[in-house]
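Here's a quick tour for anyone opening this structure for the first time.

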Amino acid sequence: MTSAAAHAPLDAEALRRARAGARIGHTIRYFESIASTNDEARDLGAAGAPEGVVVIAETQTRGRGRLGRRWESPANRNLYMSVLLRPAIAPEDAAQIGLMAGLATAEGVAGWAPQARIKWPNDVLIGGRKTAGILTEMYSGADGSIAVVVGIGVNLNIAIEELPEELRDKATSLAAATGATVDRVAFADALLSRLDERYGLLCTAGFAALRQRWDELSCLTGRHVRIIAAGAPQEGTVVGMAADGTLRLRSADGSEMRVVAGDVTVLDGYGSAAGCPQ
Ligand code: BT5
């Protein structure tokens with residue numbers, strides 16, 4: 001594929017054909033430019049759209065990460081996508097949807113780069129560099145039902161030098177890591193299939209059914225970390241994922257803590273074998 005073809009618009013019709021009749025992706029809303037695909041999916045959800053609607057944009061003018069951080073979204077290179085879900089789960093278990101999406105995304109990326117790993121809670125890394133991020137947002141209806149928007153950003157064909165300078169040593173793309181241009185329709189289809197399968201398993205068997213696979217792909221298992229969450233920073237060695245989707249952390253005195261969400265720093269050096277960042 002030439003580089004001009006590599007940066008052609010995504011063939012939304014081809015993706016629609018590939019996803020026809022699927023639970024996730026039966027409807028694909030495609031935009032050249034949008035503020036944030038998560039906002040569009042939220043609005044569609046509020047207007048009554050069914051589960052499985054997918055919003056994709058070539059570029060986002062206000063792409064968001066967690067805690068209001070920015071998600072770099074240059075046009076025609078990558079994948080910026082949000083999926084509307086209507087899971088029958090308790091609101092307090094909604095974090096499991098984000099973890100499930102992180103697993104599905106890591107597995108999707110691994111189809112192109114087998115060395116892909118998850119960094120809890122749901123970044124996907126290749127060689128310790130961030131390749132994908134996930135923003136899960138939950139909305140409650142007046143009837144007590146919940147809608148969850150899973151926003152997934154994956155760097156596919158962006159060159160490292162096209163990223164802002166401060167990200168060039170922390171981020172990568174599939175093309176930069178593998179040397180091959182990624183067919184964005186094939187990638188989006190594979191990722192949505194994986195998401196469909198993993199979501200189905202979560203709904204029928206609970207997070208416990210995903211836990212082992214999550215631990216296998218996690219670059220943090222066994223690492224000494226510091227986690228900044230809502231309260232005081234917590235430090236310890238990552239034991240693995242609990243059946244309810246909380247992270248098990250063993251502190252120096254041997255006691256075990258459970259962490260729901262937060263930002264992780266790895267304290268025990270560069271884990272190239274595990275694909276973890278510093
Ligand atoms: C995330 O937040 O990683 C969630 C990103 C979710 C983006 C998707 S795109 C489709 C949907 N629509 C949206 O508006 N959002 C979702 P967080 O863990 O807070 O990480 C944000 C940090 O990642 C930033 O502060 C940067 O350091 C870094 N970053 C920003 N853009 C990046 C990129 N394109 N590639 C790698 N790292 C990036």
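Let's start with a charged pair: E107 and R194 join their side chains in a salt bridge, 3.6 Å from N to O (a salt bridge is a side-chain nitrogen of Lys or Arg within 4 Å of a carboxyl oxygen of Asp or Glu). E107 sits in helix 4 (residues 95–110) and R194 in helix 6, so the pair ties together parts that are 87 residues apart in sequence. Bear in mind that this is a predicted model, where local features need pLDDT of at least 70 and side-chain atom pairs count only at pLDDT 80 or more, while totals for chains, interfaces and linings use all residues. Residues are numbered from 1 along each chain as its sequence is written, and side-chain values use heavy atoms, with hydrogens and water left out.

**Salt bridges**

- E107 is buried at 6% relative accessible area, whereas R194 is partly exposed at 28% (buried means under 20%, exposed over 50% and partly exposed in between, with a 1.4 Å probe and protein chains only).
- Through shared partners, salt bridges link E107, R194, E197, R198, R213 and E216 into one network.
- The whole structure has 23 salt bridges.
- Another one pairs E58 with R184, at 3.0 Å from N to O. E58 belongs to strand 2 and R184 to helix 6, so this pair ties together parts that are 126 residues apart in sequence.
- Both ends of that pair are tucked away: E58 is buried at 2%, and R184 is buried at 6%.
- R16 and E13 form a salt bridge too, with their closest N and O atoms 2.8 Å apart. Both lie in helix 2, three residues apart, or about one turn of the helix.

- Helices (H or I, at least four residues) and strands (E, at least two) are DSSP runs, numbered from the N terminus.
- Helix 2 (residues 12–19) buries A12, A14, L15 and R19. They cover an arc of only 160° around the axis, so they're on the same side of helix 2 (the arc uses the directions from the helix axis to the C-beta atoms).
- What do the buried residues of helix 2 pack against? Their partners are strand 1 (27–34), strand 2 (53–60) and helix 6 (184–205), where contact means heavy atoms within 4.5 Å.
- In helix 3 (residues 37–46), the buried residues are T37, N38, D39, A41, L44 and G45. Their cover includes strand 1, strand 2, strand 3 (79–85), strand 6 (129–140) and strand 7 (146–154).

**The ligand**

- The ligand is surrounded by 25 residues, the closest being S36, R64, R69, K130 and N155 (near means a heavy atom within 4 Å).
- A polar side-chain atom of K130 is 2.7 Å from a ligand oxygen, and one of N155 is 2.8 Å from a ligand nitrogen.
- On its own the ligand has 790 Å² of accessible area, and the protein covers 91% of that (Shrake-Rupley method, 1.4 Å probe; for residues, only the protein chains shown count as cover).

**A buried strand residue**

- L247 lies in strand 10 (residues 247–250) and is buried at 2% relative accessible area.
- V260 is 13 residues from L247 in sequence, with their C-alpha atoms 6.5 Å apart.

Methods:
Polar contact = N/O pair within 3.5 Å; in protein donor to acceptor, adjacent residues only side chain to side chain.
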